[in-house]
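Me: I would like to go through the terms used for this model and check each value against its cut-off.
Reply: Go ahead; here is the structure.

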Amino acid sequence: MTNGLAERLRLIVVTDPECGGRPLMDVVRAALQGGAPAIQLRIKDGDARPMADQARALLAETRRAGALLFINDRVDVALAVGAEGAHVGQSDLAATDVRRISPPGFLIGVSAESAELALAAQADGADYVGVGPVYATGSKADAGPPVGTERIGAIAAAVRIPVVGIGGITVENALPVTRAGAAGVAVISAVMQANDPEAATRALLRR
Ligand SMILES: Cc1ncc(COP(=O)(O)OP(=O)(O)O)c(N)n1
Ligand SMILES: Cc1ncsc1CCOP(=O)(O)O
Ligand SMILES: [Mg+2]
């Protein structure tokens with residue numbers, strides 16, 4: 001499963017319940033139609049059962065499209081539905097603990113804002129690190145200050161695993177993130193709020 005992982009992480013479309021008044025599933029389908037290689041289901045503070053139902057429905061779509069599905073925070077939901085992986089932050093389960101309870105090949109992404117945290121995540125068995133916010137973002141209330149593309153470069157130089165930039169990334173400013181050394185970018189609003197999520201996904205992939 002990790003073969004060609006960096007290629008499959010070149011764009012992670014992260015879901016948000018706020019998606020322009022449209023059904024979430026329609027926006028995800030459009031992103032998959034636009035070629036999104038990975039989707040992350042991100043529901044903050046949701047109950048487990050509706051989250052699992054939604055994850056199963058999403059998984060049917062991502063499998064059809066040949067894309068990866070990650071579940072944010074809730075490793076239990078990811079394992080229960082058979083998603084390809086989970087994304088955990090510094091206050092979620094540690095990658096070592098996720099590895100202990102997950103099947104071989106389960107993909108683990110870890111948020112790491114510094115080279116030290118990224119190296120620790122790599123040593124713990126993370127498959128990739130998410131670094132951000134790269135730019136200012138309105139999609140995460142508790143995000144820290146922007147780390148900039150220099151931080152992406154420093155972390156990419158320190159670790160062997162792919163680095164994914166997140167936070168305030170748009171079609172217009174994605175290129176400096178990958179030029180700095182990121183294998184890919186993760187976006188919420190650039191796709192979830194786009195008038196045409198399919199076109200936005202294609203445009204991001206072209207960058
Ligand atoms: C790809 C990617 N990178 C970073 C994050 C942020 O995760 P976290 O720090 O746990 O914050 P929340 O998303 O849980 O609010 C992410 N979700 N995805
Ligand atoms: C989940 C997350 N983690 C760091 S910034 C961020 C929000 C990204 O959203 P957007 O792409 O709309 O800035
Ligand atoms: Mg988290």
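Me: What makes a residue part of the surroundings of ligand 1, and which are the closest?
Reply: A residue is near a molecule if its C-beta atom, placed from the backbone, lies within 6 Å of it. For ligand 1, 17 residues surround it, and the closest are G89, S111, G130, I166 and A186. The model is predicted: local features need pLDDT of at least 70, side-chain atom pairs count only at pLDDT 80 or more, and totals for chains, interfaces and linings use all residues. Residues are numbered from 1 along each chain as its sequence is written, while chains are lettered from A and ligands numbered from 1 in the order in which they are written.

Me: Which strands supply at least two residues of that shell?
Reply: These are β1 (11–14), β5 (107–111) and β7 (163–166). Helices (H or I, at least four residues) and strands (E, at least two) are DSSP runs, numbered from the N terminus.

Me: How do the shells around ligand 1 and ligand 2 divide by class?
Reply: Ala, Val, Leu, Ile, Met, Phe, Trp, Tyr, Cys and Pro count as nonpolar, Asp, Glu, Lys and Arg as charged, and the others, Gly among them, as polar. By that scheme the shell around ligand 1 has five nonpolar, eight polar and four charged residues. Around ligand 2 there are seven nonpolar, six polar and one charged. Ligand 2 is surrounded by 14 residues, with T137, S139, G167, I188 and S189 the closest.

Me: Why is L41 called buried?
Reply: A residue is buried if 20 or more other C-beta atoms lie within 10 Å of its own, exposed if 12 or fewer, and partly exposed in between, with C-beta atoms placed from the backbone. L41 has 28 such neighbours, so it counts as buried. L41 is in strand β2 (residues 38–41). UniProt, in an unreviewed entry, places the feature "binding site" at L41 and K44, among others; such annotations may be inferred rather than shown by experiment.

Me: And why is K44 called exposed?
Reply: K44 has 11 other C-beta atoms within 10 Å, so it is exposed. K44 lies in the loop between β2 and α3 (48–65).

Me: What makes D45 and D73 stand out in their backbone angles?
Reply: D45 has a positive phi of about 65° although it is not a glycine, and phi of D73 is near 70°, also positive in a residue other than glycine. D45 is exposed because 5 other C-beta atoms lie within 10 Å. D73 counts as buried because it has 21 C-beta neighbours inside 10 Å. D73 is in the loop between β3 (68–72) and α4 (75–81).

Me: What makes a set of residues a nonpolar core, and how many residues has the largest one?
Reply: Such a core is a set of buried Ala, Val, Leu, Ile, Met, Phe, Trp, Tyr and Cys residues joined through C-beta atoms within 7 Å. The largest has 66 residues, and I39, V129, V185 and V187 have the most contacts inside it. Helix α2 (residues 24–33) gives the largest share of this core, five residues.

Me: How do you know that the chain is as compact as a globular protein of its length?
Reply: The chain comes to ten helices and eight strands. Its radius of gyration is 15 Å, close to the 17 Å that the globule rule gives for 207 residues, so the chain is as compact as a globular protein of that length. The radius is taken over C-alpha atoms, and the rule is 2.2 Å times the number of residues to the power 0.38.
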